[in-house]
Amino acid sequence: MSHKLKIVGWVAIGAVAGALTTVQLQAVARGTLAPLPLEELQQLAAVFGMVKSDYVEPVDEKKLISEAISGMVASLDPHSQYFDKKSFKDFREGTSGRFVGVGIEITMEDGLVKVVSPIEDSPAFRAGLKTGDLITKIDDTMVKGLAINDAVKLMRGEPRTKVLLTIFRKDENRSFPVTITREEIKTQSVKSKMIEPGYAWVRVSQFQERTIEDFARKVEEIYKADPKLKGLVLDLRNDPGGLLDAAVALSAAFLPEGATVVSTNGQLEDSKFIYKAAPQHYLRRGGADPIKHLTEATKGALRTVPLVVLVNEGSASASEIVAGALQDHKRATLLGSQTFGKGSVQTVRPLGPDTGLKLTTARYYTPSGNSIQAKGIVPDVMVDETLEGNLFAALRTREADLQKHLGNGKDPSTEVQPMTDARRAEEQQREEAREQARKRLEEESKKNPGQRLVPEFGSDKDFQLQQAMNQLKGRPVMVSKTLTVRTEEKKEN
């Protein structure tokens with residue numbers, strides 16, 4: 001047994017050493033000349049060997065190494081991540097705005113999948129699915145009781161494969177089957193509409209590869225319909241972010257050419273950069289510049305039209321870059337609640353054809369030099385999400401709530417500090433607010449099963465949009481009496 005252990009141990013050490021040789025070469029290539037910690041790496045190899053030989057049942061070596069890498073990266077901060085084959089595919093689909101499926105935006109209602117909207121020119125759109133349709137069955141699987149993510153997985157698949165959906169249409173009081181052939185879907189991350197003559201609403205729900213093209217097209221349509229724009233509302237609420245270059249491009253649509261949008265700073269030289277409102281800073285490859293075309297088509301109207309930006313606790317990362325740039329340049333009035341506070345930049349590096357590493361490589365700073373990491377952006381006007389207040393905002397997680405979040409890199413007091421009595425009191429108060437919000441959510445859900453508890457963004461019941469319109473028209477705005485600025489959290493030991 002001892003001899004076997006030694007053999008497994010040396011094999012493990014050999015495997016790890018081989019991998020580390022590659023890592024070391026990469027480290028030297030990046031200019032990091034510090035030697036690798038040999039003793040700790042020997043321990044890692046020894047643990048690998050013991051698990052391989054002594055564990056109660058055989059283990060998959062590749063899975064062990066994959067989990068070790070994943071744990072190492074996850075220990076850094078909440079946003080660094082190792083991508084295995086499946087998660088890398090999901091990530092690329094999310095940033096590209098493309099996936100293979102039927103083409104519907106969905107939510108849950110009474111335990112069933114409800115069609116919010118079929119995506120234009122998708123298989124579901126062509127098959128005649130309508131807003132409000134309920135999906136009761138996917139192939140042979142009953143939807144009742146499924147989590148929404150599980151329902152999504154069932155509807156997605158390979159191109160040119162078929163899925164059978166059983167639909168219940170309320171207004172016709174009938175159920176019927178629809179066979180849909182899956183294909184690549186291009187999601188829409190931009191919505192827009194004229195609220196009333198002279199005033200438009202444009203919502204960006206995520207910064208993807210096609211976001212800027214979609215934004216330019218939607219705004220150009222608005223301008224053609226009403227060239228005498230008096231005001232525009234840019235809605236970034238619950239926008240979790242996405243691609244940095246898309247955020248720079250969107251900012252460039254509203255700022256003077258050459259204005260600073262955001263700066264980044266990290267260990268590597270290529271992570272120290274100032275991004276400006278200029279094509280070379282947001283165009284990935286050659287080709288048409290949608291922002292230049294939009295500026296010409298609207299005769300520069302977007303750089304002067306009165307602008308209100310809506311933000312909330314769900315506005316993060318790329319959406320905070322846009323909000324911070326427009327606020328610092330005094331180009332827009334920010335309205336809503338304090339943003340999420342994700343002021344870090346992640347770089348995705350392929351490790352092979354099917355795996356990759358998303359690594360935090362820099363912090364970003366608004367044009368005035370402020371880091372919003374774990375603080376967020378405070379709007380110019382604090383406004384509740386409904387007339388009754390911010391009903392469930394306490395349930396929303398912010399960057400400062402995440403374990404192992406970065407400090408903002410400027411103030412030493414934001415780094416690791418022991419828990420103080422004042423901090424404990426703040427945490428207790430916040431937890432009590434969360435508990436009250438949970439109870440209210442449960443009560444409201446029982447009263448109105450299957451109904452939206454907060455009005456849909458862009459609807460005529462959208463309270464914050466109404467206040468944005470008041471701001472644009474110079475009318476009184478109902479400022480929140482309860483929202484307060486949440487200061488940067490200190491990390492705990």
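Reader: What does the side chain of T264 reach?

Author: In this predicted model, the T264 side chain reaches the backbone oxygen of S271, at 2.8 Å.

Reader: Nice. Where does T264 lie, and is it buried or exposed?

Author: T264 belongs to strand β13, residues 260–265. It counts as buried because its relative accessible area is 8%, and the cut-off for buried is under 20%.

Reader: Which residues does T264 touch, leaving out those up to four places away in sequence?

Author: With those set aside, T264 touches S271, K272, F273, Y275, V345, A362, R363 and Y364.

Reader: Where does S317 lie, and is it buried or exposed?

Author: S317 is in the loop between β15 (307–311) and α10 (318–328). Its relative accessible area is 10%, so S317 is buried.

Reader: Let's move to the sheet that has β15 in it. How many strands, and in what order?

Author: That open sheet has 6 strands, ordered β10-β11-β12-β15-β16-β19, with mixed pairing. At the edges are β10 (190–196) and β19 (381–382), each of which pairs on one side only.

Reader: Which helix packs on the sheet?

Author: Helix α7, residues 211–225, packs on it and touches β10, β11 and β12. The direction of α7 makes about 20° with that of β10.

Reader: And how do β10 and β11 pair?

Author: They pair in the antiparallel sense, over 6 bridges. The two strands form a hairpin with 2 residues between them, and E196 has Y199 in β11 as its bridge partner.

Reader: Which residue in the turn has a positive phi?

Author: G198, with a phi of about 95°.

Reader: Then β11 to β12: parallel or antiparallel?

Author: Parallel. Strand β11 (residues 199–204) is joined to strand β12 (residues 231–235) by 5 bridges. As for facing residues, V202 stands opposite L234 in β12.

Reader: What's R203 up to? Is it buried or exposed?

Author: R203 sits in strand β11, and it counts as buried because its relative accessibility is 11%. A polar atom of the R203 side chain lies 2.7 Å from the backbone oxygen of R237.

Reader: Which residues is R203 in contact with, leaving aside neighbours within four places in sequence?

Author: S189, V190, K191, D235, L236, R237, N238 and F457. Speaking of spacing, R203 and K193 are 10 residues apart in sequence, with their C-alpha atoms 9.1 Å apart in space.

Reader: Which aromatic cluster does F88 belong to?

Author: F88 forms one aromatic cluster with F83 and F91. The count of aromatic pairs comes to 4.

Reader: Switching to helices: how many residues of α8 are buried?

Author: Helix α8 (residues 244–254) is mostly covered, with 11 of its 11 residues buried. Among them are L244, D245, V248 and F254.

Reader: And E67, what's its accessible area?

Author: The relative accessible area of E67 is 47%, so E67 is partly exposed. E67 is found in helix α3, residues 61–74. From E67 to Y82 there are 15 residues in sequence and 9.1 Å in space, C-alpha to C-alpha.

Reader: Last one, the big picture: how many helices and strands does the protein chain have?

Author: The secondary structure comes to 12 helices and 19 strands. Of the 493 residues in the protein chain, 44% are buried. Among contacts with a separation of 6 or more, 70% are between residues 24 or more positions apart.

Note on methods: Residues numbered from 1 in each chain as written. Predicted model: local features only at pLDDT ≥ 70, side-chain atom pairs only at ≥ 80, totals over all residues. Heavy atoms only, no water. Phe/Tyr/Trp six-rings, centres within 6.5 Å; stacked < 30°, edge-to-face > 60°. Pairing = 2+ DSSP bridges. Helix = DSSP H or I, 4+ residues; strand = E, 2+ residues; numbered from the N terminus. Contact = heavy atoms within 4.5 Å. Axes fitted to C-alpha atoms, helices over the stretch in contact; angles between N-to-C directions. Buried < 20%, exposed > 50% of the residue type's maximum accessible area, 1.4 Å probe, protein only. Polar contact = N/O pair within 3.5 Å; in protein donor to acceptor, adjacent residues only side chain to side chain.
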